Amino acid sequence: MHIHFLDPYRSGNSLIHRLDPRVKLVLALAFILTCALTPPGAWPIYILLFASILAIEILSALGLGYVLKRAVLAFPFVLAALPIIFTTPGTVWQELGISRWELIITLPGLVRFLSIAFKSWLSVQAAIVLAASTPFPELLVAMRAVRIPRLLVAIFGLMWRYLFVLADEALRLIRARAARSGNSNQPSIKAGRDLVWRARVTGGMAGNLFLRALERSDRIYLAMVSRGYDGEVRTLPLPAITSANWLGLLAGLAILGILLSLSFLFGS
Amino acid sequence: MHIPDGFLSVSVSVILWIVSIVVVGYALKRVGKDLGERQVPMMGMLAAAIFAGQMLNFAVAGGTSGHLMGAALATILLGPWAAVLVLTSVVSIQALIFQDGGLLALGANIFNMGIVGVAVAFMAYHTVKKLAGGRKWGLYLGGFIAAWLSIEVAALSVALQLALSNTSPANLAIPAMAGVHALIGTGEGLITVGALAFLSTARRDLVEAGEADPIKGSLVWVAGLLIALVLAIASPLASARPDGLERIAGQLGFLDAARASRSQIIPDYVLPGVSNTALATILAGIIGVLIVFGVALAVGYTRRSVYRSERRSEHLSERPDHQASSK
């Protein structure tokens with residue numbers, strides 16, 4: 001069993017796939033920033049932002065179902081914002097009496113909560129489209145273009161390359177543990193001994209993984225040195241951004257700018 | 001503990017981005033000096049190991065399971081600066097590729113897990129080791145406390161940021177986060193001790209190399225102590241008197257404040273020619289539907305023409321193929 005499913009990239013030849021990765025990264029960040037800056041309750045702007053990300057998803061040919069399903073997976077965090085429905089002062093919208101507890105839902109609280117949830121959902125979609133339509137090496141190029149230190153980008157690149165190898169190692173460790181500690185289909189029968197024992201075994205596996213990674217990093221380092229590595233990260237110069245891509249970047253930023261300035265008019 | 005986008009105010013995100021950039025930049029320089037050309041392969045591999053290590057889990061109770069986060073383990077074995085780099089890489093890849101945590105919130109996530117977690121773990125581990133005076137229990141107790149504190153204090157930091165962003169009320173978020181993560185931290189502590197037990201039998205040199213000379217890390221020790229103290233004191237205060245925190249949030253949220261004043265300058269001013277918000281919302285809905293519909297039509301149309309031209313080229317290429325195969 002291998003961990004290919006970790007890689008979110010879905011190959012394709014759509015307009016969004018062909019867009020320059022630097023343009024994509026900047027536009028995704030700008031979209032998320034626009035969402036964050038839009039004041040709560042600016043529903044017309046949220047709708048337009050949603051329409052634009054939906055349009056991008058259709059253009060990217062990733063499959064709407066795929067993007068929307070993945071976007072829901074990031075949703076449980078919304079629970080953290082739930083209490084503000086009750087604590088924000090303002091006009092009362094609904095009173096809930098659960099046995100002796102009195103919960104008062106205020107209108108501003110509800111607006112704020114729904115805004116946070118919706119904005120978060122929109123932002124996640126932008127990040128998903130970026131990750132699913134851009135192969136990781138191209139994302140590295142984009143990161144270099146936005147002035148992330150070259151060394152850090154090199155570390156990210158190496159990490160990505162060996163992530164799958166180490167994830168496979170972790171899976172093998174898990175399989176070996178399952179094979180040795182008598183798994184049962186009955187949920188009442190726990191594999192292995194008590195909690196502390198189980199935690200210690202898992203710790204041993206983590207230590208083992210760490211050791212294997214360290215030893216592998218030695219071998220990789222020697223392989224790199226024998227191929228002429230001298231500590232300097234050399235990369236090809238970034239290719240020029242074509243005029244079509246510039247146009248896409250400027251158009252995207254202009255649309256987001258217009259939406260953002262409109263949103264200040266609707267803000268509550 | 002990964003904060004998604006949309007939950008932090010822009011001012012909190014930007015401030016934490018700046019802090020994280022400064023610390024990570026310094027860590028890059030420090031680790032570069034220590035490891036030299038080994039930096040890239042070693043940091044990359046260990047980041048991948050921590051990432052994969054987070055897949056290892058164990059059953060706790062009622063279908064829940066505990067898993068490793070690794071801030072304390074990385075700090076103990078690699079020293080604080082390398083641990084900052086490793087955790088920054090892990091958190092960044094999680095955000096970029098797996099949408100585990102947001103992109104705008106990435107600065108905050110690096111701060112919470114990579115900086116707060118590491119500094120606090122360093123402080124706790126080295127304090128306990130010093131008290132134990134080289135006896136074996138110092139390693140395990142120090143490892144457990146470092147792991148537990150790194151999770152707990154990072155969770156407090158997340159809760160405070162959410163409260164400062166006015167996303168969740170301090171008097172609910174802080175006790176809830178602290179309670180849940182006290183349990184999660186126990187799991188982290190047990191796994192960390194298990195890993196240290198294994199490593200001190202298999203490769204004692206690694207465990208001992210990590211402690212190196214504590215004087216070099218004294219800055220980190222002080223930072224860890226300060227962070228732990230500030231958060232431990234600020235959190236109960238904030239949860240007891242959320243009003244005070246709201247005031248800080250008000251002062252900190254200069255962007256929100258600026259925005260509020262601007263909308264006061266032009267009160268009730270909606271789209272020119274459109275006099276009320278409900279109408280504007282409906283209009284936006286119609287425009288949105290038109291955009292999506294138009295794009296879908298255009299994509300469908302181009303796909304059909306691509307399909308047609310492919311079929312045509314198949315027809316054209318039949319003869320040359322035939323010739324090629326007969327050769």
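Helices and strands are DSSP runs, numbered from the N terminus, with helices being H or I of at least four residues and strands E of at least two. The crossing of helix 3 and helix 7 of chain B is right-handed, a crossing being left-handed if the near helix is turned anticlockwise from the far one by less than a right angle, and right-handed if clockwise. On helix 3 of chain B the contact is made by B:Ala72, B:Leu73 and B:Ile76, and on helix 7 of chain B by B:Glu188, B:Thr192, B:Ala195 and B:Leu196; two residues are in contact if their C-beta atoms, placed from the backbone, lie within 7 Å. Five nonpolar, one polar and one charged residues make up this contact by class, where Ala, Val, Leu, Ile, Met, Phe, Trp, Tyr, Cys and Pro count as nonpolar, Asp, Glu, Lys and Arg as charged, and the others, Gly among them, as polar.

The model is predicted: local features need pLDDT of at least 70 and side-chain atom pairs count only at pLDDT 80 or more, whereas totals for chains, interfaces and linings use all residues. Residues are numbered from 1 along each chain as its sequence is written, and chains are lettered from A and ligands numbered from 1 in the order in which they are written. For chain A, pLDDT (the predictor's confidence in each residue, from 0 to 100) averages 86, and 91% of the residues score at least 70. Among the elements of chain A, the highest mean pLDDT, 94, belongs to helix 2 (residues 21-37), and the lowest, 70, to strand 1 (residues 92-98).

Chain B contains 12 helices and two strands, arranged along the sequence as α-α-β-β-α-α-α-α-α-α-α-α-α-α. Of its 327 residues, 48% are buried; a residue is buried if 20 or more other C-beta atoms lie within 10 Å of its own, exposed if 12 or fewer, and partly exposed in between, with C-beta atoms placed from the backbone. Among the contacts in chain B with a separation of 6 or more, 73% are between residues 24 or more positions apart.

Helix 1 of chain B contributes B:Val23, B:Val24, B:Ala27, B:Leu28, B:Arg30 and B:Val31, and helix 4 of chain B contributes B:Trp81, B:Ala82, B:Val84, B:Leu85 and B:Thr88. By class, this contact has nine nonpolar, one polar and one charged residues.

The contact between the chains takes 84 residues from chain A and 81 residues from chain B. Elements giving two or more residues to the side of chain B that touches chain A include helix 1 (10-35), helix 4 (80-98), helix 7 (170-202) and helix 12 (277-326) of chain B. Helix 2 of chain B gives the most to this side, with 14 residues. By class, the side of chain B that touches chain A has 52 nonpolar, 23 polar and six charged residues.

In chain A, helix 7 (residues 136-145) has the buried residues A:Phe136, A:Leu139, A:Val141, A:Ala142 and A:Met143. Their cover includes helix 2 and helix 8 (150-180) of chain A together with helix 4 of chain B. Just after helix 7 of chain A, A:Arg147 takes a positive phi of about 70°. The axes of helix 8 and helix 9 (residues 195-226) of chain A come within 11 Å and cross at roughly 145°, and the crossing is right-handed.

Most residues other than glycine have a negative phi. A:Ala61, not a glycine, has a positive phi of about 55° and lies in the loop between helix 3 (43-60) and helix 4 (64-73) of chain A. A:Ala61 is partly exposed, with 17 other C-beta atoms within 10 Å. B:Asn166 likewise has a positive phi, of about 65°, and is found in the loop between helix 6 (136-164) and helix 7 of chain B. B:Asn166 counts as buried, with 23 C-beta neighbours inside 10 Å.

Notes:
Axes fitted to C-alpha atoms, helices over the stretch in contact; angles between N-to-C directions.
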